[in-house]
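Work through these exercises with the model open. Each has a task and then a solution in steps.

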Amino acid sequence: MATPNLGRLSLSDPNHERLTAVLVGLALGVSALLLGVLTSIGGPLIGFGVLIGAGVALYVLSDLMAGLYLTLIIAALLPFATLPVKIAVTPTLIDCAIGGFIVVYLFQWMTGKRSRPRFVTAHLLIVAFMLFALFSFVAGLGHSSLTTTILREFVELMLIMVFAIILLDVIRDVRTLRRITFAILIVGAVQAVIGIVLVLINPVTAERLLNTLSRFGYPAGGVIRYVEENPSLAERAIGTWVDPNAYGGFLLIVGIIGGAQILSEKPVTGSRWLAVVLLVPVALAMLLTQSRGALVAVAVAAVFFAALRYRWLIPLMIVAGVAFVVLPFTQSYVNRFLQGVNNQDLATQMRFGEYKDALILIGRYPLFGVGFTGAPDRDIYLGVSSTYLTIAGKMGVIGLGLFLLTIAEVFRYGLWRWRTIRRDALLANVWLGYAGALLGAMIGGVFDHFYFNIDFNSVGLMFWLTAGLALVAARLTDST
C-alpha cells in the first residue's frame with residue numbers, strides 16, 4: 001500500500017482529515033491522562049488549576065498585551081504565589097507571567113513583527129546596574145553557598161529589570177498606556193478591598209482564609225500581623241502581600257498614581273468620580289497597614305504634584321496636615337509617628353540597630369559589597385530596613401551609585417520633557433502619577449528594604465514597573 005504524501009495534503013483530503021482527527025484525539029487523550037494523574041496526586045484543585053493555567057498560558061503566548069495585563073493582575077493579587085506543583089526550582093506565578101511576556105516579545109522580533117526598537121539613556125544605566133548586580137552575585141558565591149531559592153529569586157530580579165526595559169518598546173501609543181494605568185488602579189483597588197475585609201473580619205477567620213494560599217507557596221500559620229507583633233495592639237492590614245510594610249509599599253504606588261488621576265482633566269478612568277471610588281479603598285487600606293513610611297511617601301508625592309502643576313494643593317495640604325494631627329481617630333497614627341521620631345517604639349529601635357550593623361558591613365566591603373547569598377563574617381549579616389543600605393551592603397557604594405544614577409536619569413528625562421508633556425491632557429497626569437509614585441517609592445525606600453529585596457521581588461516589580469512606565473509616558477511625547 002502506498003503511503004500518503006503528507007506534504008501535498010489539502011484541507012479537504014480524507015487522509016488529512018483522518019490525520020487531524022488522530023492528532024486531536026491523541027492530544028485530548030494525553031491531556032486527560034495528565035489531568036487524571038495531577039488530580040489523583042494533588043487533588044481536584046491542583047488538577048483543574050493546572051488545566052486552567054495551561055489555557056491561560058496558551059492565550060498569553062498568543063497575545064503580548066495579555067501577558068502584560070496578566071503580570072499586573074498576579075503582581076497585585078497573588079504577588080508571592082508559586083506553582084502548586086513542587087519541582088527542583090519552583091517558579092512563582094510572576095516568574096511565569098514575566099517569562100511568558102519576554103518569550104512572546106522575543107518571538108515577535110524573530111518573526112519580523114517588530115523592528116526599530118525604542119531605547120533611552122536610562123535603559124543603558126539599568127543594564128549597567130544589572131551587570132554589576134550579576135558581578136556582585138557571582139563574587140559573593142566565594143564565601144556563601146548558593147541555594148536554588150536564592151538562584152531563582154536573583155534570576156527573577158533580572159527578569160523584572162528586563163521587563164522594565166521592554167515596556168518602552170511595547171507601549172507605543174498613549175491609549176495603550178492609559179489602559180494599563182487604568183488596569184493598575186483597578187487591581188490595586190481590588191487588593192485594597194481584600195486587605196480591608198481581612199482586617200474587619202474575625203482574625204481567626206482571616207487567618208484561615210490566608211492559610212488556604214499555603215498550597216501556592218504562601219506561609220501557613222501566624223500570618224496575621226500586629227503593631228510591634230503584639231496581638232494586644234492594633235492589627236495591621238496585609239492583604240495577600242504577607243507583610244504590612246510591603247503591602248504599604250504597593251499601595252503607596254497605586255495611591256499616588258490614582259491621586260494624579262483625580263487631579264487630571266481627563267483621567268484614565270473616564271470619570272473623576274470613578275477615580276475617587278477606586279482610590280478610597282486604597283487610601284483606607286494604606287492607613288490600616290500602620291506604615292509610617294508609606295504615609296510620609298504619599299505626603300512627599302503630594303508636594304511634588306503641587307510644585308510641578310497644582311499650586312492650589314499647598315493650602316489644602318496644610319489643612320489636611322492639621323486635621324490629621326488633631327482629629328481623634330488619627331491619634332494612634334500621630335502617637336506612632338512621635339514614638340518613631342523620638343526612638344521610643346520597638347520597631348524604630350530595631351531599625352536603628354540594623355542601620356548601625358549595615359554601616360559596619362559597608363565599611364568592611366565598601367566598593368563591591370558582599371553579594372546576595374550571605375555575609376562573609378559571622379558578626380555581620382544581610383538585612384536592613386533601608387533600600388539604599390541594602391543595595392550598598394550587597395553591591396557596595398558602586399552599585400548604590402549606579403542605582404541612584406539610574407533613577408535620577410528617569411526623572412531627568414521626564415522633567416526635561418515636562419513642558420511638552422503638560423500640554424497633552426491625556427498624557428500629563430499619567431506621567432505625573434508615575435513620576436510621583438517613583439519619588440514616593442524612593443522616599444519609602446529610606447525606611448524599608450522591600451524595593452530591593454529578592455525575597456520580596458513583587459514589590460521590586462512594582463518599583464521597576466513604575467520607572468519603566470514613567471519613561472514610556474515621557475517618550476510618548478514624540479508620538480503626540
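**Exercise 1. Helix α6 against helix α18**

Task: Find the handedness of the crossing of α6 and α18, then state how the two helices are oriented and which residues meet.

Solution. 
Step 1. The crossing in which α6 passes α18 is right-handed. This is a predicted model.
Step 2. The contact draws on Glu153, Glu156, Leu157, Ile160, Met161, Phe163, Ala164, Leu167 and Leu168 of α6. From α18 come Asn457, Gly460, Leu461, Trp464, Leu465, Gly468, Leu469, Leu471, Val472 and Arg475.
Step 3. Sort the residues of the α6 and α18 contact by class: 13 are nonpolar, 3 polar and 3 charged.
Step 4. Now take the geometry. Helix α18 spans residues 457–475. The axes of α6 and α18 lie 7 Å apart, at an angle of about 15 degrees.
Step 5. Angles under 35 degrees count as roughly parallel. Therefore α6 and α18 are roughly parallel to each other.

**Exercise 2. Helix α3 and its two partners**

Solution. 
Step 1. The crossing of α3 past α4 is left-handed.
Step 2. On the α3 side, the contact uses Leu64, Gly67, Leu68, Thr71, Ile74 and Ala75. They meet Leu93, Ile94, Ala97, Ile98, Phe101, Val104, Tyr105 and Gln108 of α4.
Step 3. The α3 and α4 contact holds 11 nonpolar residues, 3 polar and no charged.
Step 4. By class, the α3 and α6 contact has 6 nonpolar residues, 1 polar and no charged.

**Exercise 3. Threonine 71**

Task: Is threonine 71 buried or exposed, and which residues does it touch?

Solution. 
Step 1. Read its relative accessible area, which is 2%. Buried means under 20%, so threonine 71 is buried.
Step 2. Set aside residues up to four places away in sequence. Threonine 71 then touches Ala97, Ile98, Phe163 and Leu461.
Step 3. Ala97 and Ile98 belong to the α4 side of the α3 contact. Leu461 is in the α18 part of the contact with α6.

**Exercise 4. Two positive phi values**

Task: What are the phi values of valine 242 and glutamine 290, and how accessible are these residues?

Solution. 
Step 1. Valine 242 has phi near 70 degrees, a positive value in a residue other than glycine.
Step 2. Valine 242 is in the loop between β2 (235–236) and α9 (244–263). Its relative accessibility is 26%, so valine 242 counts as partly exposed.
Step 3. Glutamine 290, also not a glycine, has a positive phi of about 60 degrees.
Step 4. Glutamine 290 lies in the loop between α10 and α11 (292–308). At 9% relative accessibility, glutamine 290 counts as buried.

**Exercise 5. Contacts across the sequence**

Solution. 
Step 1. Leucine 288 is in helix α10 (residues 272–288).
Step 2. Between leucine 288 and arginine 236 there are 5.7 Å, C-alpha to C-alpha, with the two 52 residues apart in sequence.
Step 3. Not counting residues up to four places away, leucine 288 touches Ile196, Val199, Glu235, Arg236, Ala237 and Tyr333.
Step 4. Glycine 414 is in helix α15 (residues 387–416). Its relative accessibility is 0%, so glycine 414 counts as buried.
Step 5. Beyond its neighbours within four places, glycine 414 contacts Ile421, Trp431 and Ala474.

Conventions
Residues are numbered from 1 along each chain as its sequence is written. This is a predicted model: local features need pLDDT of at least 70, side-chain atom pairs count only at pLDDT 80 or more; totals for chains, interfaces and linings use all residues. Side-chain values use heavy atoms; hydrogens and water are left out. A crossing is left-handed if the near helix is turned anticlockwise from the far one by less than a right angle, and right-handed if clockwise. Helices (H or I, at least four residues) and strands (E, at least two) are DSSP runs, numbered from the N terminus. Contact means heavy atoms within 4.5 Å. Ala, Val, Leu, Ile, Met, Phe, Trp, Tyr, Cys and Pro count as nonpolar, Asp, Glu, Lys and Arg as charged, and the others, Gly among them, as polar. Buried means under 20% relative accessible area, exposed over 50%, partly exposed in between (1.4 Å probe, protein chains only). Axes are lines fitted to C-alpha atoms, for helices over the stretch in contact, and angles run from 0 to 180 degrees between N-to-C directions. Angles under 35 degrees count as roughly parallel, over 145 as roughly antiparallel, 65 to 115 as roughly perpendicular and the rest as oblique.
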